[in-house]
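Colleague: I would like to learn how to read the side-chain contacts, salt bridges and pockets of a model. Could you take me through them one at a time?

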Amino acid sequence: MASRTLIVDVRSAFLVWLCFATSQFLPTLAYNSGYLDIHLFVLLFLATIMWKNGKFLALGIIGLVGPFLHEMFVFLWMQILVLSLARARHGLKPPEIIAALAPFASVLLIISFHSQNAVALELAEVPVDAEMRAVLFRQQFGQTTVAAIAQMIKMFREDAVNVISAAAYFLLPTFAIFVLSWQRWRASGPDWPWRFVTLTLATLSPALVLLVAWDLSRFLVMTTFCGVLAFWALDRGKKT
């Protein structure tokens, strides 16, 4: 009986990993060359390891560094924030609170030292015509958060069919991970609903980046990566 339980335990965990390995994540990541996404995903992977093992100093350092690579890291970090908030039911240590908030300190620092003059100097070196340079300066570096959200809402409305079809296609492996996790955890103890809700929020919260940026497939597929990381972080094995 023990060996059979172990086989089922390993098999269910393997199926979760298989959902990730056969998903659209790796092909999409390979196709979108020139982005810093791979570096951000490596940082998130390391951060999840540090969170699970209680290495909060290393977790905080990763959190501080990430936003300097790319602002999207703050949205990926939502996974760590959700995991920490879920653990707050049992009490959080001050080092974990500091580590969980580290990226936001970096963001404040970046915003404080932002310079439009520096942006203009950088754009002057970009090999595009003056009209495109003006568009980049105005829309990429001069747009407010509220304006970005308004623009995204407009794009979602105008291209609703594409958004819905893309979500149905790219999120399929993510929801497969949800189903497998539910099947694996539902007999593991009374706290499994908390873990399942945490898994769902930790997996989908990084997609909040779609409130301010449009790269639909690029941002949807990262939920599968976040899903397998969150599953590993929360899983304690199947108890029967």
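**Reading contacts, salt bridges and pockets**

Modeller: Let us start with one side chain: a polar atom of the side chain of Ser106 lies 2.7 Å from the backbone oxygen of Leu64. A polar contact is a pair of N or O atoms within 3.5 Å, where within protein one must be able to donate a hydrogen and the other to accept it, and residues adjacent in sequence count only if both atoms are side-chain atoms. Please keep in mind that this is a predicted model, in which local features need pLDDT of at least 70 and side-chain atom pairs count only at pLDDT 80 or more, while totals for chains, interfaces and linings use all residues. Residues are numbered from 1 along each chain as its sequence is written, and side-chain values use heavy atoms, with hydrogens and water left out.

Colleague: Where is Ser106 placed, and is Ser106 buried or exposed?

Modeller: Helices (H or I, at least four residues) and strands (E, at least two) are DSSP runs numbered from the N terminus, and Ser106 has its place in helix H7. Buried means under 20% relative accessible area, exposed over 50%, and partly exposed in between, with a 1.4 Å probe and protein chains only; Ser106 counts as buried because its relative accessibility is 3%. Once neighbours within four places in sequence are left aside, Ser106 is in contact (heavy atoms within 4.5 Å) with Gly63, Leu64, Pro67 and Phe68.

Colleague: How many salt bridges does the structure hold, and how should I read them?

Modeller: A salt bridge is a side-chain nitrogen of Lys or Arg within 4 Å of a carboxyl oxygen of Asp or Glu, and the structure holds seven of them. In one, the side chains of Arg218 and Asp37 meet at 2.7 Å, N to O. That pair links distant parts of the chain, with Arg218 in helix H14 (residues 216-234) and Asp37 in helix H3 (residues 37-52), 181 residues apart. Both Arg218 and Asp37 are buried, and together with Asp215 they are linked in a network of salt bridges.

Colleague: Which salt bridge does Glu158 form?

Modeller: The side chain of Glu158 meets that of Lys154 at 2.9 Å, N to O. Glu158 and Lys154 are separated by about one helical turn, because they are four residues apart in helix H10 (residues 145-158). Glu158 is exposed at 59% relative accessibility, whereas Lys154, at 43%, is partly exposed.

Colleague: How is a pocket found, and how much space lies in the largest one?

Modeller: Rolling a probe the size of a water molecule over the atoms shows where empty space is left. On a 1 Å grid over the protein atoms alone, a pocket is an open set of points where a 1.4 Å probe fits, with protein on both sides within 12 Å along at least five of seven lines, and lining residues have an atom within 4 Å of a point. The largest pocket holds about 1700 Å³ of space. Of its 39 lining residues, His70, Glu71, Gln140, Phe141 and Gln143 are the closest to its centre.

Colleague: Which residues lie nearest the centre of the second largest pocket?

Modeller: That pocket, with about 300 Å³ of space, is lined by 15 residues, and Trp51, Arg87, Arg195, Leu234 and Arg236 lie nearest its centre. Arg195 is buried, with a relative accessible area of 5%, and forms a salt bridge with Asp191 in which the closest N and O atoms are 4.0 Å apart.

Methods
Grid points are joined across faces, edges and corners, and a volume is the space filled by probe spheres set on the points.
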